[in-house]
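This report is meant for someone meeting the structure for the first time.

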Amino acid sequence: MADTTFPKHKVLPWPAVPIPTPDEVYAGMTDQAKEYPLSLEKQLRQSENFKKPENLTTVRVLDLSKGMIIGNWASSMLSELGADTIKCEPPDGDPLRWQTPFGRKEYMFKDAETGEPIGLHFLHEMRNKRSVTLNLEKPEGRELLKKLAVHVDVLIENYPPGQFDAWGIGYRQLKEINPRLVYCWVGQKGQWGPSKDKPGNLDPTAQAACGFVHGTGLPKEFGGRPTRSALWVADQVGGTSAAIGILAALLYRDKVSGRGQFIEATAAEAIIRILDYNWGWYGFDGSIRPRYGNWDLAINIYAVNPCKDGYFMVGGGHDRLWYRIWRTVGQTRPDLEDEILDDKALRAVTARLPHLRQVKTYTVLADWQKDHSRADAMHHLLAQQVASGGVNYIDEVAEDPHFKYRGHVDEIEDRLYGKVLYGTSPAIASECPGRLKWIGRPLGYDNEEIFLRLLGIGPSDLAQLKKHGVV
Amino acid sequence: MAINQGLVLTCAKCSTKNFLDPYPFWNFSGNTKCAGCDTIYAVSFVKGQQTSGPTPGSGKTDLLPGYAEDKTGTPITGDKIRPAPQARPDPFSGKQKHIKQSLRGKPVSGSPLKKEDLVGSRARFIADLHKA
Amino acid sequence: MATPDFETYCQQLFDHKTAAGKPEVLKGIRVLSCTQYILGPSCAAYLAELGAEVIKVETPRRGEPMRHTTPFNEPLLFPLSRWVPEAGTGLGFFGANTNEEFITLDFHRPEAKAAMLELASKVDVFVQNFRPGTFDRWGMGYQHLSKVNPRLIYQWLGGFGGWGPGRVRASYDILGQAMGGAFGITGEAADRGGTPAKHTIWLADYWGGMMAAVTILAALYWRDTVSGKGTFIEYSQVHGVQRLLEYSLPLYGRYGIRRERWGNWDTELCPHGIVQCGKSSYPSSQNPQEKEVGYILVTAHTDEDFKKLCDVIGAKDLATKFAKHDERVKAENQGFIYDAIEAWAKDKTKEDVAALLDKAGINNQPVWNAKEVSEHPHWKLRGAVQWYDDPIYGDLHHQGPAFKMSETPPRLKWALKPVGADNERVYGRLLGWSKSKLAKMEEMEVI
């Protein structure tokens, strides 16, 4: 039960600082200078979203995934673009629903109708989706799934490899029932191969198996360890890949073949795809990419280093920016500027790359940064047109005027869950922007409606199914 | 211009500049060792600010500098400084590495070419591989 | 469980070696990629993997800056271009320009503008990641090109977008990671002496390109099944990173609680974390990457699995004290469990640990380095990493596409080509340029 005195500290409503107005944002600019950004705003502002159509209005998605965020993420990509998305959970719910950081029940939100708690990770990805339940362990549940499959364009599942096939509801079986079905399996490492998924493999399994963990974090020589992402990031990237595959399959079906197909998207392979030169470098001469902390193996200056009130990123791989960075540093520390500019060994861009040169560069830079806050350092460097910025904490992300103004972060007043702060869809477009309609959904909330509308099963029959543990 | 004492530790004895890199030394209290003359220095940093030292001392070294240059600006390497991360057994030179074969011994165009080496936009020795 | 032949069925269906014999989704779709670095280029590359005809436009002679980016200066592929054969393309270019055709064009020249407008009238998708407003000033913004080609899907990508208080800021991938919030929550916890950690992948850039590819494909779907109209799409990479933050945002919004770093452990499940194994898997290797001790992910968060784990590691007191997940997962308790696992693993390699956990039926995943991944039969079989015979550069090792499709698989054809390698073909084919016109433009360094 939630602690009614939680939280004990005073919580400011969001936004704590009002969102700037266009007049404030473009103050002091000539009409001509304002023309371009304002013309963009006219096409792109999210306040206009609901006046515009949705790309995927004609598409219906059935998401049967559970326990991993990869399936939820993939279906979110589609639901944000207008697909009618049904999340189909086991009768006791997707396990993600009940998870909460450190087991803290007080973090969970409750819906206004039933008071059912919902974990915030699941809530954030349960967007624009309905919730139905089906017990696939029972043959009757599987029969109902086959009936549902007739009505959907896309099916997403992440069960252990071969499980659906053994149950008679895999791709091979469902394509006979609905040849137009786009069937997508998502997982960590795959349905086939010597190291295929076992039940219970969860991100960061994929992160560890693909080289990501090995390559992230401070080097051993700095006292560091291989590090996972705070996020289930392999799932998020894998889910995005799945969405690309699903959209590609829909395109092909509706323009060419009239048929669906089988898609397999793994979290590990999505990350392998984007581990840029790991594989090329290995094949070149057997190099095993080392982790390099917050510095870069291929560009100097391009790093995050500590500063007075946190951590700070500076970028300047070209000469032009290199000199501007040191000029900025020299404003208060001419001794440091001289140290760098006097060093002949740092003259050539490529000569700045070896590790020892980077140690020198960043020790000198950090000696300047130690006296500057992130805001202060950014202010000075931006004046020299050097891209830089602080490592933001979550509250800073939520309150940054730019992000608020552009609606990267927004608050919805959800009918069931109240005010919810969330990350908005980055699909900003003039024709068919992505959007949020609702966030979170109690378990099985839409059983009655969906079972009646799609399967012609009325309330008393549904009650019987529930009694027999089928839903 | 001499550098103010801080993360760059200029040795009072031999004028070697010891670069105390910002991640390991940012919040550090203990002994480091001058890469030029082996003098032990006790130093303390809190959030990168030097709170005490560098005081010549004795005892064991807790952490070596990340890099150092002697008073002429010549790099000091080897075991006087902490090792660099490496991708292979041989340390990085920072120079281009020119190869003619991939890891598995097959031809690859990994070395500079001259115009006369080219057929169109590719090396002749690669084009020749595909000749019937 | 599975019918015996399901795995074989999948292997046959998704075999990357048969991909070339299967149709391509984006056949007939043409993309112009006026992009640099990774964010913009990768977006177009994902479309090229699906069979789109993608034309990459670069600066004459030396190409775009990412070609001059390579780890520690070392690996390069030659020639950079037929004009500059003594220089090479760095491996930073890998992965972001797959399967494309490469032409050159100097945007600043008036002759270039005419060529660009002509090209843009013939493409379905136009991708650019220059500073907001730049292409508009050159007469090549969406407002201009959509008049010539109303079916055009115009994708802009960048750091902060073209409107709003921060619109003029240039951006980089790790700046997006940092300002977007993913950086600050990753890495060892502060009270264990940790610091924020950068994701080793160019997350904001490469995954950002994927997110933009999603919107492009959705826009193509809408255009070609319903509307017949193009669209302008703006992707801000810092926006993308913020979308990744999941529970951090609603938690902060309602309760004012700020998510902090939690290192290699999981905030929601315990144990589900990466621990150190005290022994190196390759103690006699000369490569420091191999000599380093091993690490492994241990997943035993169900009560049943946790009990099994405690039996294996001989931690009976923990089995009693933390029998319930609600107890284990508490912030103040997790450390005891991971410390116990690490103490047990102190004299073992990650393979030793994996074998013992496998025997007990406990999920685990060793942390593999780039060599272990490259040489692992699982990834090789699946084509996640593959050697391929490049017609220009020779024997290259490269990543395969991120996902698999049974009928119309994405595929790797080539990783890259030299700057301007396809000038004659593309300008001749699309704009009808004669040999002499090409030579003239080349001489003037317009191309």
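In this predicted model, chain A has 471 residues, of which 61% count as buried. The C-alpha trace of chain A spans about 85 × 55 × 50 Å along its principal axes, and its secondary structure comes to 21 helices and 14 strands. Among the contacts in chain A with a separation of 6 or more, 69% are accounted for by residues 24 or more positions apart.

The domain assignment divides chain A into domain 1, made of 60–273 + 412–467, and domain 2, made of 302–396. Taken over C-alpha atoms, the centres of domain 1 of chain A and domain 2 of chain A are separated by 43 Å.

A closer look at one residue follows. A:Asn128 is placed in the loop between α5 (120–125) and β5 (129–133) of chain A. Is A:Asn128 buried or exposed? A:Asn128 counts as buried because it has 23 C-beta neighbours inside 10 Å, where 20 or more are required. Apart from its neighbours within four places in sequence, A:Asn128 is in contact with A:Ser79, A:Glu80 and A:Thr85, and also with A:Leu436, A:Lys437 and A:Trp438. A:Trp167, by contrast, lies 39 residues from A:Asn128 along the chain, and 29 Å separate the C-alpha atoms of the two.

Helices α14 (residues 319–330) and α15 (residues 334–341) of chain A pack with their axes 7 Å apart, at an angle of about 150°. Angles over 145 degrees count as roughly antiparallel, and α14(A) and α15(A) are therefore roughly antiparallel to each other. On the side of α14(A), the contact is made by A:Trp326, A:Arg327, A:Val329 and A:Gly330, while α15(A) brings A:Pro334, A:Leu336, A:Glu337, A:Ile340 and A:Leu341.

The contact between chain C and chain A takes 148 residues from chain C and 146 residues from chain A. On the side of chain C that touches chain A, helix α7 (residues 203–227) of chain C gives the largest share, 16 residues.

Key. Residues are numbered from 1 along each chain as its sequence is written. Chains are lettered from A and ligands numbered from 1 in the order in which they are written. This is a predicted model: local features need pLDDT of at least 70, side-chain atom pairs count only at pLDDT 80 or more; totals for chains, interfaces and linings use all residues. Domain bounds come from an automatic or database domain assignment. Helices (H or I, at least four residues) and strands (E, at least two) are DSSP runs, numbered from the N terminus. A residue is buried if 20 or more other C-beta atoms lie within 10 Å of its own, exposed if 12 or fewer, and partly exposed in between; C-beta atoms are placed from the backbone. Two residues are in contact if their C-beta atoms, placed from the backbone, lie within 7 Å. Axes are lines fitted to C-alpha atoms, for helices over the stretch in contact, and angles run from 0 to 180 degrees between N-to-C directions. Angles under 35 degrees count as roughly parallel, over 145 as roughly antiparallel, 65 to 115 as roughly perpendicular and the rest as oblique.
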